[in-house]
Structure formats: C-alpha cells, structure tokens
Amino acid sequence: MTQYYVYVIELEPEVANLRKFRTKNPNYIKGNGCFYIGQSSRLPELRFEQHKEGYKSNKYAKYYGKKLRPDLFKKYNPIPTRKDALSMEEYLGKKLRAKGAGVWFN
C-alpha cells in the first residue's frame, strides 16, 4: 500500500522579491521565512533532491530551495492517502501563512 508524505522546503528569502510569489502572499512579513510545501509518495529527502535536479520540479523549490525543514512536517508523516496528503499540504501552507511566512503550495 502506498504511503504519502508532506514536506516543507525552506526557500531563500530573495524568492519574496518575485511578483508571482508576493501575489500569493500579500501578508508576508519580511524575515518570517519563505517555504515551499509539497506532498509525494516519495520520501521527503528524495523529493527534495528531485526538485534540485529539476525532475518534476517546482521552480521555486529548484532555484530557491535551501533545505528541508523536518521540524515543520515530520510529525504528520506518513499519511495514508493522497487526498489526506493534499489536505495536509494545504493545512500547513495556511498555518505558516497565518504566521506571516511566504508560502507556495498547490
């Protein structure tokens, strides 16, 4: 049975200078961190490597991804279904945004 994982990648703060990123994060407070949140059937460490290598990569994760932040996602994994993983991705994104972070998720 396939398990899913949610993961959080810390992004370089320069990503907040991009108009498209800022548009999604109107309440971003400079210095509160920028993050990419995703979900996958692959382990977060492998998925992060894939983003950096350009395989099925999000451009923010590829060009601005610094490191995984297991402190923000580890306790939620593994997740039994893709639907639950998508819900968790959205939950984490909104939770971080509420703290003034810049967040990108699908």
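A salt bridge is a side-chain nitrogen of Lys or Arg within 4 Å of a carboxyl oxygen of Asp or Glu. The model shown here is predicted, so local features need pLDDT of at least 70 and side-chain atom pairs count only at pLDDT 80 or more, while totals for chains, interfaces and linings use all residues. Residues are numbered from 1 along each chain as its sequence is written, and side-chain values use heavy atoms, with hydrogens and water left out.

**View 1. Glutamate 10 and its salt-bridge partners.**
By the rule above, the count comes to 5 salt bridges. Glutamate 10 forms a salt bridge with arginine 69, and the closest N and O atoms are 3.0 Å apart. Glutamate 10 lies in strand E1 and arginine 69 in the loop between E3 and helix H4 (70-73), so the pair ties together parts that are 59 residues apart in sequence. Helices (H or I, at least four residues) and strands (E, at least two) are DSSP runs, numbered from the N terminus. Lysine 67 also forms a salt bridge with glutamate 10, with the closest N and O atoms 4.0 Å apart. Here lysine 67 sits in strand E3 (residues 65-68) and glutamate 10 in strand E1, so this pair ties together parts 57 residues apart in sequence. Is glutamate 10 buried or exposed? Glutamate 10 is buried, with a relative accessible area of 14%. Lysine 67 is partly exposed, at 43%. Buried means under 20% relative accessible area, exposed means over 50%, and partly exposed is in between (1.4 Å probe, protein chains only).

Glutamate 90 forms a salt bridge with lysine 94, and the closest N and O atoms are 2.6 Å apart. The two residues are 4 apart in helix H5, so about one helical turn separates them. Glutamate 90 is partly exposed, with a relative accessible area of 36%. Lysine 94 also counts as partly exposed, at 49% relative accessibility. Elsewhere, salt bridges that share partners join Glu10, Lys66, Lys67, Arg69 and Asp71 into one network.

**View 2. The largest nonpolar core.**
A nonpolar core is a set of buried Ala, Val, Leu, Ile, Met, Phe, Trp, Tyr and Cys residues joined through side-chain atoms within 4.5 Å. The largest one has 29 residues, and those with the most contacts inside it are Val6, Ile9, Leu11, Ile37 and Leu92. Strand E1 (5-11), E2, helix H3 (59-64), H5 and strand E4 (102-104) each supply at least two residues of this core. E1 provides the largest share, 5 residues. In soluble globular proteins, nonpolar side chains tend to be buried together.

Contact means heavy atoms within 4.5 Å. Histidine 51 is found in helix H2. Histidine 51 is buried, with a relative accessible area of 1%. Leaving aside neighbours within four places in sequence, histidine 51 is in contact with Tyr7, Ile9, Tyr36, Lys56, Ser57, Asn58, Ala61 and Lys62.

**View 3. The largest pocket.**
On a 1 Å grid over the protein atoms alone, a pocket is an open set of points where a 1.4 Å probe fits, with protein on both sides within 12 Å along at least five of seven lines; lining residues have an atom within 4 Å of a point. About 270 Å³ of space lies in the largest pocket. Grid points are joined across faces, edges and corners, and the volume is the space filled by probe spheres set on the points. Of the 17 residues that line this pocket, the closest to its centre are Tyr7, Gln39, Ser40, Arg47 and Arg82. Strand E2 (34-40), helix H2 (44-53) and helix H5 (82-98) each supply at least two lining residues. E2 gives the most, with 4 residues. By class, the lining has 5 nonpolar, 7 polar and 5 charged residues. Ala, Val, Leu, Ile, Met, Phe, Trp, Tyr, Cys and Pro count as nonpolar, Asp, Glu, Lys and Arg as charged, and the others, Gly among them, as polar.

**View 4. Glycine 33 in its loop.**
Glycine 33 lies in the loop between helix H1 (19-24) and E2. Glycine 33 is partly exposed, with a relative accessible area of 23%. Beyond residues up to four places away in sequence, glycine 33 touches Tyr28, Ala101 and Gly102.
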